[in-house]
Amino acid sequence: LAGSLARSYYLIQKRNKKLRWLNDEKNKLMGIVAHDLRNPLNMILGLMPLLESDLKNVKDKNIDKYLELLNASTDRMRDMIDRVLDISAIENMKVNLKREKTDLSQLTSSSIHNFDVIAGQKKIKIVDNIDQETERNSIVDPNYLVQVIDNLLSNAIKFSDQGKNIEVSLTSTEGHHEIAVKDEGPGIS
C-alpha cells in the first residue's frame, strides 16, 4: 500500500510539474504574440494622422466616419493587447478590471454606431432601442463591456442574412441593467 501511494504521489508531482511548465510556456507565447501584434498596430496608429491629413480635401462625408471608426478600433485593440500582456493578472487568475462609473446608454449606443458601416454592407439594420434621454449609470469596466457588446454585435451581423434586423435594447429595473442583442439569424439547433 505504501509503495502504491508513493508511486501515485510521484506521478501526481510529475504531472503537476509538466502542467506548470505548459502554463509557463503558454504565458510566454501569449506575451510574444501580444507584443508582436503591437508592431502592426503601431504602424496603423502612425499612418492614421498621415491619412487624415491627405484626406482633408476629399469631399466624401463618410471619410470622417471611417477614420473615427479606425481610430476607435485601434485604441480598443491596443487596450486588449495591454491586457493580454498583463501576465501577472493571468498567472494569479485575476481579471484586471478598471471599474468606473459609466453611462450604459451612451456606451451601448456608441458600440452600435461602430457597426453601422459593417451592418450596412449586408443591408442589415441595427435597431437602437436605447433611450438616450435616460442616463443609466453603473460601475463597470467600460473596455471589457464594449468588448462583450462588440462581440455580440459582430456575431449577430455575421450570422444574419441580408436585409434582416438586429435589435439592441437596454432595460433597467431596481438598479439592475440588462443589455440585449437580438438578431434574426438561424439560431442554434
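A polar contact is a pair of N or O atoms within 3.5 Å, and within protein one of the two must be able to donate a hydrogen and the other to accept it. The legends below describe close-up views of a predicted model.

**View 1. The N-terminal end of helix H4 is capped by Asp103.**
A side-chain oxygen of Asp103 lies 3.1 Å from the backbone nitrogen of Ser105, a separation within the 3.5 Å limit for a polar contact. Ser105 itself belongs to helix H4, which covers residues 104-114. Ser105 has a relative accessible area of 0% and is therefore buried, the cut-off for that class being under 20%. The side chain of Ser105 also makes a polar contact of 3.5 Å with the side chain of Arg136. Not counting residues up to four places away in sequence, Ser105 touches Ile130, Asp131, Gln132, Thr134, Arg136 and Leu170.

**View 2. Helix H4 is largely enclosed by the rest of the structure.**
Eight of the eleven residues of H4 are buried, and so the helix is largely enclosed. The buried residues are Leu104, Ser105, Leu107, Thr108, Ser109, Ser111, Ile112 and Asn114. H4 lies across strands E2, E4 and E5. The direction of H4 is at about 170° to that of E4.

**View 3. Three strands make an open sheet in the order E2-E4-E5.**
The pairing in this sheet is mixed. Strand E2 (125-129) and strand E5 (176-183) are the edge strands, each pairing on one side only. On average, neighbouring strands of the sheet are turned by 15° against each other, direction ignored. E4 and E5 are paired in the antiparallel sense, over eight bridges. Within this pair, Val168 has Val181 in E5 as its bridge partner. Helix H6 also packs on the sheet, where H6 touches E2, E4 and E5. The direction of H6 makes about 20° with that of E5.

**View 4. The largest nonpolar core has 17 residues.**
The members that touch the most other members are Ile112, Ile126, Leu153, Ile157, Ile166 and Val168. H4, H6 and E4 are the elements that give two or more residues to this core. H6 gives the most, with five residues. Leaving aside neighbours within four places in sequence, Val168 is in contact with Thr108, Ile112, Ile126, Val127, Asp128, Asn129, Ile130, Leu153, Ala180 and Val181.

**View 5. Ser160 lies in the loop between H6 and strand E4 (165-173).**
Is Ser160 buried or exposed? At a relative accessible area of 1%, Ser160 is buried. The side chain of Ser160 reaches the backbone oxygen of Ala156 at 2.6 Å. Apart from neighbours within four places in sequence, the contacts of Ser160 are Lys122, Ile124, Ile166, Asp183, Glu184 and Gly185.

**View 6. Arg76 and Asp150 form a salt bridge.**
The closest N and O atoms of this pair are 3.0 Å apart. Arg76 lies in helix H2 and Asp150 in helix H6 (residues 142-158), so the pair ties together parts that are 74 residues apart in sequence. Arg76 is partly exposed, with a relative accessible area of 22%. Asp150 has a relative accessible area of 9% and is buried.

The structure holds two salt bridges. Arg78 is partly exposed at 33% relative accessibility. Asp75 is also partly exposed, with a relative accessible area of 39%. Side chains of opposite charge can pair when their charged atoms come close.

**View 7. Lys18 is a residue of helix H1 (residues 2-54).**
Lys18 counts as exposed because its relative accessibility is 53%, the cut-off for this class being over 50%. The C-alpha atoms of Lys18 and Val146 are separated by 37 Å. Along the chain, Lys18 and Val146 are 128 residues apart.

Conventions: Residues are numbered from 1 along each chain as its sequence is written. This is a predicted model: local features need pLDDT of at least 70, side-chain atom pairs count only at pLDDT 80 or more; totals for chains, interfaces and linings use all residues. Side-chain values use heavy atoms; hydrogens and water are left out. A salt bridge is a side-chain nitrogen of Lys or Arg within 4 Å of a carboxyl oxygen of Asp or Glu. Buried means under 20% relative accessible area, exposed over 50%, partly exposed in between (1.4 Å probe, protein chains only). Helices (H or I, at least four residues) and strands (E, at least two) are DSSP runs, numbered from the N terminus. Contact means heavy atoms within 4.5 Å. Two strands pair if DSSP finds at least two bridges between them. Axes are lines fitted to C-alpha atoms, for helices over the stretch in contact, and angles run from 0 to 180 degrees between N-to-C directions. A nonpolar core is a set of buried Ala, Val, Leu, Ile, Met, Phe, Trp, Tyr and Cys residues joined through side-chain atoms within 4.5 Å.
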